[in-house]
Amino acid sequence: CRSTAVVEVYGTTPPHHTNWDYKYCGVATFVKDFSRRSFFIQNEIIGLNFASEDEADHFGSAIVKFTERKRLKKALPDANQNEDENNTKYFPRKKSV
């Protein structure tokens, strides 16, 4: 598990996805599905409202680090062989008003 956080989950209704509706409160985990060789939070359009700003920052950072490593791996196949996981750029999330 890359990261875990307490969240409220909001989803949209197809086909237009115009409104966010409260679905449930629970724990979101950012995990690797080894059989599909990919990472997932959930396979639908969702929004997450975190119980803690620190958890939100940690969760977002885990996703940003992962996607940045994946992007670098595609751009430079040998780049991530010597990459230190703690040496990845952190992009803080924008605070909502």
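**Note on the predicted model**

1. Arg71 is partly exposed, at 46% relative accessibility. Here buried means under 20% relative accessible area, exposed over 50%, and partly exposed in between (1.4 Å probe, protein chains only).

2. Some ground rules. This is a predicted model: local features need pLDDT of at least 70, side-chain atom pairs count only at pLDDT 80 or more, and totals for chains, interfaces and linings use all residues. Residues are numbered from 1 along each chain as its sequence is written, and side-chain values use heavy atoms, without hydrogens and water.

3. Arg71 pairs with Glu68 through a side-chain salt bridge, 2.7 Å from N to O. The criterion is a side-chain nitrogen of Lys or Arg within 4 Å of a carboxyl oxygen of Asp or Glu. The structure holds one such bridge. Arg71 and Glu68 sit three residues apart in helix α1, so about one helical turn separates them. Glu68 is buried, at 18% relative accessibility.

4. The largest nonpolar core has eight residues: Ala5, Val7, Val9, Ala28, Phe30, Phe59, Ala62 and Phe66. Helices (H or I, at least four residues) and strands (E, at least two) are DSSP runs, numbered from the N terminus.

5. Check the loop between β1 and β2, which holds Pro15 and His17. The Pro14 to Pro15 peptide bond is cis, with omega near 5°. His17 has a positive phi, near 55°, and is partly exposed at 31% relative accessible area. Most residues other than glycine have a negative phi, and most peptide bonds are trans.

Notes
Core = buried A, V, L, I, M, F, W, Y, C linked by side-chain atoms within 4.5 Å.
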